[in-house]
Amino acid sequence: MKKTLLAAALLAGFAGVAQAQSSVTLYGIVDVGVGAKKVEGQSTAYGMQSGVQSGSRWGMRGTEDLGNGLRANFQLESGFNVGNGTSQQGGRLFGRAAWGGLSGNWGEVRLGRQVTASSDFFAFTDPFGTGFQQAGAGSSFNGNSTNRADNTIAYLSPDVGGFRVAAGYSFNYDGGAATTDNSNRLVSAAVKWANGPFGIAGTYERAYLGDATAWNAAQGGNDPYNFQVGGTWDFNVVKAYAAYSRMKHGYTNIGQGDAFTGTGFIANTGTIRNFPDGKVNAYLVGLSVPLGQASVFGSWQRTDPKGGTFDAIDAAKQNIYSVGATYDLSKRTNLYAYYSYADKAWYDRNFDAQQYAVGLRHRF
């Protein structure tokens, strides 16, 4: 259970700021395990892994009641590697989130670095919760890969009968403080309806590449975009998941995936991020079954690349088969295990990839 602290109970260095708040919540996740990764033609890499089920993090959320239903809010969240103690998200102090805003009965406005509307509203369609590395939907759905954007202003509506909408615009989403001709901008929008056992969502996300940026040159002037639709149905004894996405021209987040080399092959074994004039259709179906303190879940993902660069390299369809399980030791601590197999990994007919791990996740 997250512990809600009065501001004066936080670190002394934050006391001056914290005293202006009604409350501040200190929270986090420590996720650490042991696992392996195996790529066709390479030796198996065994070792300690951090953030398998959920990215390891610590953070603070604060709120102040301003009266008449208006509140001031903030969130600062830092990702870290349990194995060596280093910061994640490129070494940022608060790489997972850093925003402030206002909320009321009309909804909420947030300004700063935050998860895009697409990733935020669509994560529930994945039985792996977009975690578990290769097994998560982010391996096939770029719009559901926990995409974060700098310099973002976002609006989130209140819940009205299970219906919500969200939209965000980033002035310069991969660094920098202000928009210029060299800035890459991002638009993300989502709608979600969840009522009783059924939930459905649709999202759209588009990157507008700065004319003078290196990525714009790599994309041939094409702005990448994606849209997604998916949902869940809870039958109590089993929960079903299904989702579809189309990605065009490339990924909307620069930081994820690998670029093509001049020879037409990807530079590293990872997800192909730029494919000018190409498109990828992605599909996911999954199930989860609660078993007392345990839960068992699995999914099948398929990505079908076509056109542009994909035709030039005779790209193959990728299929990912994954199973996982968790067991609750308490309300805050659980064990986990998973296995994932990718056939024709990264659209290469000569590759497959396997990942598996067991570990412990503690939430505070």
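Student: Let's start with glutamine 133. Where does glutamine 133 lie?

Tutor: Glutamine 133 is in the loop between α2 (117-122) and β8 (148-156). Keep in mind that this is a predicted model.

Student: Is glutamine 133 buried, exposed or partly exposed?

Tutor: Partly exposed. Its relative accessible area is 27%. The cut-off for buried is under 20% and for exposed over 50%, so 27% falls in between.

Student: And what is glutamine 133 in contact with, leaving aside its neighbours within four places in sequence?

Tutor: Lys37, Gln49, Val52, Ser139, Tyr338 and Gln355. With glutamine 49 there is also a polar contact: the two side chains are joined at 3.1 Å.

Student: How are glutamine 133 and serine 340 separated?

Tutor: Along the chain they are 207 residues apart. Their C-alpha atoms are separated by 8.9 Å.

Student: Which other residue has a positive phi although it is not a glycine?

Tutor: Asparagine 236 has one, of about 75 degrees. Asparagine 236 sits in the loop between β12 (225-234) and β13. With a relative accessible area of 65%, asparagine 236 is exposed.

Student: Now serine 140. Buried or exposed?

Tutor: Buried. Its relative accessible area is 1%. Serine 140 lies in the loop between α2 and β8. Beyond four places in sequence, serine 140 is in contact with Met247, Ala282, Gln301, Thr303, Gln318 and Ile320.

Student: Pick Phe141. What is phenylalanine 141 in contact with?

Tutor: Beyond four places in sequence, the partners of phenylalanine 141 include Phe122, Gln228, Ala243, Tyr244 and Leu284.

Student: Okay, rings. How many aromatic pairs are there?

Tutor: The count comes to 18 aromatic pairs. Take tyrosine 251 and phenylalanine 275: their ring centres are 6.4 Å apart and their planes are at 85 degrees, so the pair is edge-to-face.

Student: Where do tyrosine 251 and phenylalanine 275 lie?

Tutor: Tyrosine 251 is in the loop between β13 (239-250) and β14 (274-291), and phenylalanine 275 is in strand β14. The pair therefore ties together parts that are 24 residues apart in sequence. Both residues are buried.

Student: Which residues form an aromatic cluster?

Tutor: One cluster is formed by Phe128, Phe132, Phe297, Tyr336 and Tyr338.

Student: What about charges over rings?

Tutor: The charged end of arginine 61 sits over the ring of tyrosine 27, 4.0 Å from its centre. Lysine 192 lies over the face of phenylalanine 124, and there the distance to the ring centre is 4.4 Å.

Student: One more residue. Where is threonine 326?

Tutor: In strand β16, residues 318-328. Threonine 326 counts as buried, at 13% relative accessibility. Beyond four places in sequence, its contacts include Gln53, Phe132, Phe297 and Tyr336.

Student: Zoom out. How many helices and strands does the protein have?

Tutor: 4 helices and 18 strands. Buried residues make up 46% of the 364 residues. Among contacts between residues at least 6 apart in sequence, 58% join residues at least 24 apart.

Student: Last thing. Where does pLDDT stay under 50?

Tutor: Over residues 1-20, for one. Residues 259-269 also stay under 50. Where pLDDT is low, the predicted coordinates should not be read in detail. For the protein, the average pLDDT is 88, and 88% of the residues score at least 70.

Conventions
Residues numbered from 1 in each chain as written. Predicted model: local features only at pLDDT ≥ 70, side-chain atom pairs only at ≥ 80, totals over all residues. Heavy atoms only, no water. Helix = DSSP H or I, 4+ residues; strand = E, 2+ residues; numbered from the N terminus. Buried < 20%, exposed > 50% of the residue type's maximum accessible area, 1.4 Å probe, protein only. Contact = heavy atoms within 4.5 Å. Polar contact = N/O pair within 3.5 Å; in protein donor to acceptor, adjacent residues only side chain to side chain. Phe/Tyr/Trp six-rings, centres within 6.5 Å; stacked < 30°, edge-to-face > 60°. Lys NZ or Arg CZ within 6 Å of the ring centre and 35° of its normal. pLDDT = per-residue confidence, 0-100.
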